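Dear colleague,

Please find the structure below.

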Amino acid sequence: MTISVRHLTVRLFGAGRDTLSDITLEVGQGERVLLLGPSGSGKSTLLQTLSGGLQSMGSAEISGVVTVANTGLLVQNPEDATVADTIFRDVAFGAESAGMPTLSIANLVESALDAVGLAAETGLSPARQPQSLSGGELQRVCLAGLLTLGPRVLLLDEPTSALDADSAGAVRSAIAEYLSATDATAVISEHRFTPWLAAVDRVVVLNQRGELIANGPHDEVFAKHGEELRSLGLWLPEFETAEARSLGVSEVKQAGKAGRIIAVVGPSGSGKSTRLNLEVEEFLAAGNQSTQLGWLPQNPAHVMGRTHVLELVSQTCQRSFRDAQDALHLVGLDDYEMAHPTELSGGEQRRVALAIALLEARPRIWLDEPTVGLDLNAWRSVVNAIEQTKAKGSIITIATHDPQLIAFADEVVEIRHSPSVAAMPESVREHPFSPLAGILASVLLMVAAFLFASLKAAMVALGAELALAVFALVVSPKLRAAVSAHSGLILPTVLGVASVGFSNWLLSSQHLLEPALLLATRTAFFGLPSMLMAAEVSTSWLGDQLGQTLRLSPRPVVAAMVGLNRAKLLRNNWQTQARIRKVFGTAKRGLSEIGSLTVLSLIAATRGAQTTALAMENRGFDLRDSSGKLVRRTWAEQARWGKLDAALLSLSLLVGVLGVLWR
Amino acid sequence: MNNKTNLFKWRVVDLVTLAVLSATLGVAFWGYDVFVWPLASTIGVIYPPLSELQLGVWMIPAVFGAVLVRKPGAALYAELVAATLETLLGGNPWSWTNLVSGAAQAAGVEIVFAIVAWRSYTVWLAAAGAAISAVFEVFYEYVAWVPEYSLSQKIVYMVCGVVSGAVIAGVGGWYLVRALGKVGAINSFAAGREARLAAIRETI
């Protein structure tokens, strides 16, 4: 058996009940199992337990015996699963963890990208940033990252739920191809599972209480447990083909002025969300108040705040707890009032945000993918809520790829693929100097500066340095571009230099000018050049140099680079969050808004980091050999030493020595 | 729940969460360096040692890291990652001396938690650690930034730094972990689970 689970019971930290209850399950080599169950039935928890990730997180009580061959888990959020700043390094991560030689890694990455249908011939450059990809492409890149390790068990947590039909098909066939080529075992969880049925050997069903209620070939299970599965809200094949109105959405009587539903459709990455955001902005720009609109943004996590769900809903809409309770009831979330948003699943967060968007039936409402990742029961409450809101006269625009939801639209707007994704930058902007050369040069200048003997020496050295800097800026357009992007940063540096000089003069016992000026000059001497280095740093480049050239311990270095990569996403996150708070009218003023945004960013970063850690573990970051020792990491690329690096270092040495020796 | 963790063995989630949060704080520092610090030190012209009251801001990652991860080296790692990002983003006069400051700012915190053998993480210990870190940092600054100050001014400078360290970094950093823990954002960490449990009990 590749998977053997006996009497597994899991209680997540802080939960009032067991998430998984006495599960016993065996899966043989090469078997493909579809894991079914309503929202909150513990599918993700089971997959995380099988991958070993939940055990190492320490945030759950686990009893029972779980034995599994080596696994690869594809987590729900592909954005949080990316670990490097280029596609190539992201896919190579597992091979690096396994300690493969640099030369063979490139081949491995190439064949993995080929296996998921993203080979070089498709025009996708491996030097691109993963974040610039569409959802479907990103999901396949993450899959490729797992395949390099050749897992014997593939665990897939809703691999296609956020994708349109075409992208979902591409992901499914990539997975099917790997499975048929390797005889690997697979456990796949998905709400809209019908397209998977042909590819799996059997289905396993969990109920709301996390109990395993059925296990066997799908036709047998559906025939025998049909009634129960229907009441659990599983998207059985009959519902996928059924007429949308027949799915339990009640007819609502129009009261007064008729509302409308406008569906915006198109492939993933075609700009549906962008269009919705623009419409929201235009609506506000036309002089409308934020109390006149409802909005479910693309990432519902941005709506979540620092309080429990009930308070969040009532605060955001400035309505009573009672109204908020009604709104939560409308989207089928009665049990979650006191839960904290950070502990909800993505689908649950989406429904909370939806409750906020629909609460008052405001005149204009925009909903971005309201039905992603919902079981049929939840889907029914959400669609009912939308229909009722329409009946109250709201005009509702919905971006969606859910065919059963589109059926409710009065008008369908189709967006074709736009070139916006292809136009994204290929990779990080390259600086003329390597990151390490910049660091070493700064350190050199720093050490020299502390050895300057006199003000005159310091002035000479600073003069020489400035002349060289001006020369470098004149000859190198690349450097000019990098520096001019950061030219606003010179003011704080100059102020810092001035304050060092001024305070050392003011507070000295004899008020001598010369020592104070020397201090200021030497600060300028090593502070100003850091302006030349300030630029977007390629973290793979820096990581390679720290790990290979300086031979620092690889795991802390790699983790730090992941941290730096994540921090780059922060600006986006911050801006989105700030915009959403403005639209919602929940933004405070000045410093207290900055404080709120900082804490919200920290919460978002933490949540993402824990998923990232799980993804890294799945790609062998913690891989140990048979004696329990960590496998020695290798690097997919040789540390590059830039063309101008030697020049930079020797010139820094030159001006440093000049200042030290000048008499 | 397994509390028998090896002190010297870092889990992946320890390393990654700490790196991500420290980098996030590094960005916050950068914002502080560029937008707040120039203003604050301009006001400080009246009496420069007062600007040392800001010292605690840069020491938050040290306390935050130690209290979150509860392992030796966490404070140092957090400070170095934050300082690296702060410096790479540019716009502060200190350049890579930030790394020296980072190490000094972590030293006191590391020492205090080592003395209690990484068994206790109270707000008092955090404040004490940050205060001692501030002493290290201020001694470094005597050499690097304020060598010309007269002795009495150096004493005032030290007092400002230590108070700021203990209050902003010690108490502030400790409460930051607590705040994240309360909302259930760090349930993978013992510190987070304790804070979350306390918050759950409060609501009941």
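Is B:Leu50 buried or exposed, or does it fall in between? B:Leu50 is partly exposed, because its relative accessible area is 43%; buried means under 20% relative accessible area, exposed over 50%, and partly exposed in between, with a 1.4 Å probe and protein chains only.

Before going further, please note that this is a predicted model, in which local features need pLDDT of at least 70 and side-chain atom pairs count only at pLDDT 80 or more, while totals for chains, interfaces and linings use all residues. Residues are numbered from 1 along each chain as its sequence is written, chains are lettered from A and ligands numbered from 1 in the order in which they are written, and side-chain values use heavy atoms, leaving out hydrogens and water.

**Helix α5 of chain A**

Helix α5(A) covers residues 102–115 and has 14 residues. (Helices are DSSP runs of H or I with at least four residues, strands are runs of E with at least two, and both are numbered from the N terminus.) The buried residues of α5(A) are A:Ile105, A:Val109, A:Ala112 and A:Leu113. They lie on the same side of the helix, because they cover an arc of only 95° around the axis; the arc is that of the directions from the helix axis to the C-beta atoms. These buried residues pack against α4 (87–97) and α6 (135–147) of chain A, where contact means heavy atoms within 4.5 Å. On the face turned away from the buried side are the exposed residues A:Leu103, A:Asn107 and A:Glu110. After the helix comes A:Gly117, with a positive phi near 75°.

**Salt bridges**

A salt bridge is a side-chain nitrogen of Lys or Arg within 4 Å of a carboxyl oxygen of Asp or Glu. By this rule there are 27 salt bridges over all chains. One of them joins A:Arg633 to A:Glu96, with the closest N and O atoms 3.4 Å apart. A:Arg633 lies in the loop between α24 (590–618) and α25 (645–661) of chain A and A:Glu96 in helix α4, so the pair ties together parts that are 537 residues apart in sequence. A:Arg633 counts as buried at 7% relative accessibility, and A:Glu96 is buried at 4%.

Another salt bridge links A:Asp622 and A:Arg555 (2.8 Å, N to O). A:Asp622 is in the loop between α24 and α25, and A:Arg555 is in helix α23 (residues 554–584), 67 residues apart. A:Asp622 counts as partly exposed at 23% relative accessibility, whereas A:Arg555 counts as buried at 14%.

Yours sincerely

Notes: Expected span 1.5 Å × (residues − 1).
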